[in-house]
Structure formats: C-alpha cells, structure tokens
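Please consider the structure shown below.

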Amino acid sequence: MMRSQTGFSIHSRVSVMMDPTLAEMGNHLSDAMKILESGKLESEQGKERRKLSWKDIPGPLQGDGQDVVSILQLVQNLMHGDDDQQGQRRMQYVGEQGHMALLGHSLAAYISVLERERLRKLTTRILSDTTLWLCRLFRYENGSAYYHEDDREGLVKVCRLVINTHYEDYATEGFTMLSSKHPVIYQSAACRPGLGQHLCSQLALPLSCLCIVPCNTMFGSLHQMDVALLDKLIRDDRESGKVPLLLIANAGTPGAGHTDKLSRLKELCVQYNMWLHVEGVNLATLALGQVSSAVTAATKCDSMTLTPGPWLGLPAVPAVTLYRHEDPALSLAAGLTSSQPVEKLRALPLWLSLQYLGHDGILQRIKHASQLSQQLLEHLKTLASIKTSVEDELNSPVVVFRFSQDSAPSSGGSVEGYFAGERDVLDVLNRWLGEQLAQQVPLSGVDVVELEDEGTCVRFSPLMTAAALGTQENDVAALVEKLGEMIPVLSCTLRYRQDFKDEVLQQASLSYIEDLSWPGLGGVRYEPRATDLDEDKRQHSVEKINSDLLKKLMELDTDLYFSGGPEFCEEKNCIFIGMATEDLDVAELVETIVSIGREIEESGKLFENMTEVVRRGIQEAELQLQKANEEKLMEEGVLRQIPLVGPVLNWFSPVQASVKGRTFNLAEGCLDSTEPVYSVKAQMNKEASLDSPKSITKRFPGQKLFRRHGAGSDSVSDTSSVSQLEESFRETAHVQANNADEAEVPEERHVHIVEETALSDQRVPEGQETESVDTLR
C-alpha cells in the first residue's frame, strides 16, 4: 500500500540517525518541502513590493546573506509566478517516495566529500545494489547498468561501444577507420522523432549512416518494423561495402505503444552480427508476473533503456541503460563505466527510492497502471464511433483511440461520403476531443498524438502519467463519462458541417470560409451589398460589419460558440461557429446571421450619412420657416405684428391661420408634412421595409436560439416538426415585423395622430385653434 505524505515523514526517520550531519540534512529537506508545498504565499505587502521590483531581471548579489526561509520564498515565487490561487498551479504531486529521490541528490553532494577509499566502497555498493535490483526486476540477467540524465545518452554510449567493437583501431585512428566502410544504424520509422539525428550529431557521423526502416503496410501492425524489408536493406548495405552496426527497436512505440517483432529482429541481428537495442514504455511490464511473449523477447536484446522515473512517479531520478558486454575496457572507452566515484553517485536517488518502495510497491504501481489501461479499453469497446489502436487487447499498457463516424446518422444531416477533406476534419475534431478531455479530466493524463496512418488520436498511457498524477479508477470512469457526452456533439458537428455550408452558399450576402483546421461547423463572412465603394473602403466596411456581427452573436442566448477563428487563420474578418448539437436548426442560424448583418449594415449607412443628412435638413427647415413667416406676414398684415396693436386687433378681429406640421425623416434626409401620416397610402409604403428579414423568432419556454423544438421526439418525425416550426416562425416573423414597423413611427407622430384625431371629433372656438396647434408643435 502506498503511504500518504501525512502518515509518515522523513523528518522522524532522519532524526534518529547516528550522523548529526545527515539528520540535519534530512530536517532541512523536510522543512524546505513543507514551505514549497504549503501553498502559503507571501503577504499582500510583499506582493506589492515584488511587483514594483524588477524581479525578472538579474541583479547584483546582495552584500548581506539571506536566511533559508527568504531564499525558499524566492524560489516559491519564481515557481508559481503571479498565480494567487493554489488551484491554478499545475505541479506534480511529490509523495514521500519523491522526497527520498530529492534527498538522494542532497546526500550525493555530502557523500562526495568523504575520503577517497570510503567513497569508493560506498559508491560501489550503491551501484552494485541498484544494478542487481533492476536486472532482477526486469528479467535482464548478467547485465550492467549505465545511469544518465538524458534518456538518449545511454544509446549514444552504446553506439560508441559497438563502433569500438567493430572497428578495432577506432580509438587510435578515429574517423578515418569509418571512411572506408561506413557504419549503418537502423531505426524504425515509428521511433521517437529526432533520435537518429541526435545519434549522428553526438557521434560525428553523417546522416547517410542512418537508415529509417518503414513499418508494415500490407499485414500486421502498422506500427511494427517491416522485418522483410529490413533484411533486404541489410543485405544491400553489406553488398555495397557498408557495415551494419546497430538496430533500434521498440517495445512500445512512442505514439501507439506497439512492440516490434523482437524475436525475429534478434535473429537478424545474430545473423548479421549487429547490436540490438530496445526501448519503450512496454518494458515496464517485464516486472509483472504475466508478460506478453512479444515483450518478453526484449530480455534477449543486447541493451535496453528504462525510465523508472515516470513509471514509479519518482522525480529527478536518472534513466538506466542495461547492457551486456564482456570487455570492460571497451565499456570504459565508450563511457558506459567510469573510474570516478562521483559519477557512480548518479544512482543514489534511485537506490534510495527503490528501497523505500520495495519490490511489492514497485510491482503494485506498474500493475495499477496496466489495470487502468484495461479498464479504459473495456469501456471504449461499448462506445459507438470510437476506434482503438491497441496491439494486444489483453496486455497493452497504452490505449490509443479516435473518433470516427462510420454509422449512418440518426436524424438530420448529410453524410454522403462527408465532404472534401474529411480526414483533415476528423483530425481537427479528434484534436478538440483530446484537448477537452485533458482539460475536463486532468488526472487522466490523456494527450493528443499524431500517427502517420490513423491521423490525430487521443492517447492514454498511465505508465507514464498515473504515478505522478495519482490516477485512479474513478478518474478513468470520469473520462469515459465525458467521452460519452462528447461523442454526440462530434457526430452532429460532422453531419451538420455540409448542411451549414449549403445554407451559407444560398445567401448572397454571406461567403463560406473553408478552414479545415477549425473544430466546428465552419466559418462565414458577411459581404456588404454596396458596390460603389473602392477597395479600401469596402475592406474597412467588411471589417467593421463582421466585428460588430461577432459581438452581437456572442451576446445571443445560445449554446453555440462564436469566434474570430483560429489564431493563425489565413482568412480575416470572419466568424467561426463552434460545435453543434442534435437539435441545431442550421437554417435559422444562417438566417439570423444574415438578418443581424443586414441590420448592422443599414445602421452603418445611416450613421455614415447622418452628418450630411442633418445639415441638409437644417438648411431646408430654415428655408421653410422663413417661407412660412413670409406667408404669415402676407396673410395677417403688418399691423398684427406690432406688439401692442396686434393683440387688440386679434381680439376684435380674430384671424384663422393654417399651421402645417413638419417631420424630419432621418432615413431619407428630408422634411415631410404630417398630412401623409394620416393616409392609408403612407402606411402601405412603410410596409416595403419588410424586405429586411427580422431575427425575431418564436421560442418555446426554456428553448434557446437555433434549437429545433421537439427534436428527437418519437411521435413526430424530425422533418415534419421542423417544417411546422419553420412555418410558424415565418408567420410570427411577419406579424412581429408589422408591429415593429409600426413601433418605428416617431413618438411625435403618435402625438399628432391622437391629438389631431381628437380635434377633428370636437369643434374648437375660433382663436383657440392656433393655440392648440402651437401646443402640439
């Protein structure tokens, strides 16, 4: 059973040590880890002080020394940056077995100051114990071990060993020995990228010495090395005078976790006197009681590289390369062994951690990771539209799966061969799936992987992540649950992409944006209808309209996601729509985009012409007012304009003046008489504005935009229900459009209608009519 951090402390263990220096070292490490893991950040004053300081710029060393707490506080600030909440930190949990590994680095520094003879005995014991334990754990008999920080460094040393073995005078003659007979290193096309190039760089070999062996294409796993083709390549190289040197095989490819045919490859290596090196995550299963025969064959290889750090959740422990070779002098020349005792201390953190875990603890962690893979694989078999790429369904520690829509749609959509670029679309959907699963179930440790044949897939490799993240069975169950929720979304999006494209192409004011890297329905661009604009003005208009359109769409009450597009999208001024659901009404979505875009375009025209319209309106109003004053002067005479005489004259002889109402039409930019307001003809003319579709549609209670009501109902088919809703939407839109147009009549006009209607129903005494009209104005 794994011990919890609170149940047992290193502090209590080291306090009873004989050496007080070791006890003090353990205490310091325990205190340091408590500070770094406590989650207690500095005070608010400290934060403000740090913000004002140039904390990211190296500065001079302070004259006065600082205490340990202050230094650790600085380290904590650098580790967590500006995060104010502990939940924002993404750090691996360091358990007590991790503390043992960290203690090993401190002990290595302390042990290195011992006297030479004592140091030699201690390092020899540490190295011998660790090598023996690892060889027995992973069934590698009579092996030696090389410990290294870079997991590629062991292979580099092995290559040097093989070169020294095949070229006897290489130590004295150097590269001139290789010029006559070029060495050849073979590696699978499924090996991790850059491995062969790194070897050639470190060994000063030209890239022509590297031969990439393709994987199977006709039969067997697509991720296994083609053995027949390898045989042919080796024979061709031997016939051309080259020296086949080394073969790199996989026991768990980096992508899909598949294992090469190691038994057959070992036979080829023996036949052609080549060195066989194996690496991969599946080598961890060699410690279990039941191992597949394909992986068991790795125990016969000449060397293998192990990475116990991620397998067991141990931070800062070295990788290990186990190898078999009888000549210690050549091993020393290749750098696989060292006469320096300090070099042997690399194994100290692993030596401490393996003892802390014990044999049973190591097996339990590896077994737990394998069981998680089997649990996920069993659940994936029950999910539709999910394809797995697993080499051995009974013993594969790596599960790779991918969404693939093969079945016919349940309702709506178009899937006739999908559409052009289907593979690219599926890849981007699977990338979205992997990113969402990793974000919503972070303890699962899933990631996205690109495979040559399958495309983009989601990978679950608990041997590399479970020990560090603490993945449990409930995390796998949560992963399956989230996956089950996302499959319908992926299926609907894939079906509705073509429907969305067809609907957009039917709209003259929309352009469809083809971007196969967008995980969603697709992209559109609203195109202004004005054709008299030059290119610069039109581009500015397109940018402004689509920017405002995107903002308005994002404010709608809908589950759809609207975006400006991918970060490196070539198309500009676009609107991209995200993932779809089963009840999505594509037609309504497109019509709404057109309607809102048209409203924005029309309002933009109004604002652009507003200054000129208002200026002309004011000028015309001034002219008409001047004309009205002149007419009034002619009708009433000069005497009525005199302040004292006018009222007396109006009292004895009232004049009946006709006052004409005026309205200013901003849309047309002119002054109109109020008389047409009362006529039916004017109302009919106003109905012409119904040419602009309204984005108002009837919704049922609790129903969001762009959703078909009753989608998926058993009693009524989707087609009939959608047709009925569309018909009701059209009728509702027509009625509400009329109401909206009536509402567009200015408030002043309603006052004219109500008041002047009331005046027509009752007689007004002469002399009061002018006063009433003036009041209305």
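In what order do the four strands of the open sheet stand? The order is S8-S9-S11-S10, and the pairing is antiparallel. The model is a predicted one, in which local features need pLDDT of at least 70 and side-chain atom pairs count only at pLDDT 80 or more, while totals for chains, interfaces and linings use all residues. Residues are numbered from 1 along each chain as its sequence is written, and side-chain values use heavy atoms, with hydrogens and water left out.

Strands here are DSSP runs (E, at least two residues), as helices are (H or I, at least four), numbered from the N terminus; two strands pair if DSSP finds at least two bridges between them. Strands S8 (386-388) and S10 (447-451) stand at the edges with a single partner strand each, so one side of each lacks a neighbour in the sheet. The partner of S10 is S11 (residues 455-460), joined to S10 by five bridges in an antiparallel run. Glu 450 stands opposite Thr 456 in S11.

The cysteines come next. With a disulfide defined as a pair of cysteine sulfur atoms within 2.5 Å, the count is zero. Cys 200 is in no disulfide, and the nearest cysteine sulfur, that of Cys 209, is 6.2 Å away. For Cys 269, the closest cysteine sulfur is in Cys 301, at 9.8 Å, which is too far for a bond.
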